[in-house]
Amino acid sequence: MKFLLIIAAAFLAPAHAESTADRWNLSEIYPSLAAWNADADKIDAQLNALTSSKGHLGESAARFKQCLDLQADLTKRYFRLKAYSSEQVAEDTGNAASLELDQRADLLGNKVVEASAFVDPEILHIGKDHIAQFLHEEPLLSIYRFPLEKTLRMAAHTLNDEGEALIAKFGLMDDAGVSAYTLLANADIPWPKVKLSTGEEITLDASAYTKYRQLPNREDRKKVMDAFFGTFKTYERTIGVNLYSQLKQNSVYAKVRNYQDSITRSLDRNNVPVEVLDTLIAQTNANLATLYRYFRLRARMLGVAQLHYYDIYPPLVHSDLKLPYDVGRKLVLEAVAPLGKDYVDALTYGLNHRWMDTYPRPHKLSGAHMDSYAYDVHPYVLMNYNDDYESVSTVAHEWGHAMHSYFADKAQPFVTSNYPIFIAEIASTFNEELLLQRVLNTAKTDDERLYFLGFALENMRATFFRQAMFAEFERTIHARVDKGEPLTGEALTNVYCDILKRYHGDGEGVVDIDNAYCTEWAYIPHFYNSFYVYQYATSIAASALFAKRVLAHEPGALTRYLDLLKAGDSGYPYDLVKKAGVDLATPAPYQALSARMNSIMDEIEAILARNKK
Ligand SMILES: [Zn+2]
């Protein structure tokens, strides 16, 4: 059956007459397989050289620099090999030769990690004072000043050799929780079949759930949610035990590594103060009135008296608006004009020089992403452009990442170019806001305006409020496990239920949350990647404040924002964002996000009032 589907897909006429200009040019990374192989061979030689410096790093500043240079060069080379192989797979996931090349890259990656494993412990052994002396003696070591500081910070959380060896052995079991969850959720859980009002029978797995929860027919949406979360109820105990074991593991690591609790350890990886997460949670709760206002507006626009949890996902306004790529491209380029000529020029150049694979094709990887691993080449963007506004918004988003990498790579040496997620989503959500402003300027009808505004509003709910809600759930369950309290699946459901109902104003009659939907926590894979998703919420809050200032032409605002992009990974992310003018441990960015949502709702209400007459 599957085979037939693939054949059929291959014969489908492409929606677009695709030209070379619409395909990215991976030959800029490697002109041939031979060139890839030559670089892979070079890594093997470099790995031997790296291994031979083991135990010699502290001998002299020159020896120290030689080793760091070698490690940086071979890591950069490995990234380039991986960019080429993984994006070849992305172009055509069915190509066996690409898959094999990508597996070879992964094996090489394992070797790089293994061979580099001695470097950080040896730096810790050499110690802060000795390294300061090296930095003083050898000015060319200055590019490593910040990476070295990051490594040395870990001294307080590093055990003696025996302790570290023991931790490394137990580390083999680190992925038990997430592996079991992935298998359960993707392979073992028998997904229910649901018959829709159209007569169509669907199998409700995770991807079908995200598709069908938006159905216009309310009974269908309810049926979909009942069946999906009902299935998770059956597995509540098992998934609960599994998540609890992950939480216990985090708690043990925190204790062993001398942290006061799990969250401190987790955020310490990027030196983010815990106040950031606590301010996010406090401010989200302080601004729940904004979210309630959105839900009430949603109820009104959907024409339902009482909003239920299954009414969250259908679009507020239906749109048939067709935006072919030429139009979308022009809109994005015009949208980023407030970022200045250099930004527009770089984006134009990238769009004109095949940095993007634009259209969907059979076997091409779904979704969209940006790849900045080929440091010496340029960023690449994978799109599946579909002639709608969502596609245009995704182009703005992904090129926000691409331009961030472009400017960071240009300004920074390889070792401080690769910015962390804490900053990454600022650059992408900033561009989404610019695009919104651009399309609102020339929207032809009120329906169009309503569509753009509704799209932005829903994006803010999902990126800000929902991720903050997850952060509060994570904060709560980690704290309980740190205190030594047990947590069953049922207890996790109760904790989630309280938070879910508060965020949706269940007690105030805003959204009616059926207890059956409180097993939603069991569906969220991100809880196995602790304290990660909060960064989407802090990023969109930061970009709301940055955008407000840049668009108001506040003196210095644009320069500070562009400097943040150029800073790459040259400082701790919280400090870099603060230096650019946004302190994520204060209420201001969260209030800016809330104010922006309110201004969008003012506009929507004005349109609705106008059209009632
Ligand atoms: Zn992104």
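Modeller: N258 is exposed, with 11 other C-beta atoms within 10 Å. The cut-offs are these: a residue is buried if 20 or more other C-beta atoms lie within 10 Å of its own, exposed if 12 or fewer, and partly exposed in between, with C-beta atoms placed from the backbone. This is a predicted model: local features need pLDDT of at least 70, side-chain atom pairs count only at pLDDT 80 or more, and totals for chains, interfaces and linings use all residues. Residues are numbered from 1 along each chain as its sequence is written.

N258 lies in the loop between helix 12 and helix 13 (262-268). Helices (H or I, at least four residues) and strands (E, at least two) are DSSP runs, numbered from the N terminus. The phi of N258 is positive, about 65°, although N258 is not a glycine. Most residues other than glycine have a negative phi. F531 sits in the loop between strand 7 (511-512) and helix 22. With 23 C-beta neighbours inside 10 Å, F531 is classed as buried.

The axes of helix 12 (residues 236-256) and helix 21 (residues 489-503) come within 7 Å and cross at roughly 85°. Axes here are lines fitted to C-alpha atoms, for helices over the stretch in contact, and angles run from 0 to 180 degrees between N-to-C directions. Helix 12 is therefore roughly perpendicular to helix 21. Angles under 35 degrees count as roughly parallel, over 145 as roughly antiparallel, 65 to 115 as roughly perpendicular and the rest as oblique. Helix 12 contributes E236, R237, I239, G240, V241 and L243 to the contact, and helix 21 contributes G489, E490, L492 and T493. Two residues are in contact if their C-beta atoms, placed from the backbone, lie within 7 Å. By class, this contact has 4 nonpolar, 3 polar and 3 charged residues. Ala, Val, Leu, Ile, Met, Phe, Trp, Tyr, Cys and Pro count as nonpolar, Asp, Glu, Lys and Arg as charged, and the others, Gly among them, as polar.

T519 touches residues of both these helices. T519 is in the loop between strand 7 and helix 22, and is buried, with 25 other C-beta atoms within 10 Å. Not counting residues up to four places away in sequence, T519 touches F229, F232, K233, E236 and T493. The C-alpha atoms of T519 and K150, 369 residues apart along the chain, are separated by 39 Å.

Helix 11 comes next. The 17 residues of helix 11 (residues 218-234) should span 24 Å at 1.5 Å a residue, and its end C-alpha atoms are 24 Å apart, which agrees. The expected span is 1.5 Å times one less than the number of residues. The buried residues of helix 11 are D220, R221, K223, V224, M225, F228, F229 and F232. They pack against strand 1 (193-195), helix 10 (206-212) and helix 12.

Helix 18 (residues 389-411) has 23 residues and reaches 33 Å from its first C-alpha to its last, close to the 33 Å expected. Helix 18 is mostly covered, with 20 of its 23 residues buried. Helix 25 (residues 588-612) has 25 residues, which should span 36 Å, and its end C-alpha atoms are 36 Å apart, in agreement. Its buried residues are P589, Y590, A592, L593, S594, R596, M597, I600 and I604. Those residues pack against helix 14 (274-286), helix 15 (288-302), helix 20 (446-482) and helix 22 (534-551).

Three strands form an open sheet in the order 4-6-5, with mixed pairing. Strand 4 (356-357) and strand 5 (369-371) stand at the edges, each with a single partner strand, so one side of each has no neighbour in the sheet. Strand 4 and strand 6 (residues 380-382) pair in the parallel sense over 2 bridges; two strands pair if DSSP finds at least two bridges between them. D357 stands opposite L382 in strand 6.
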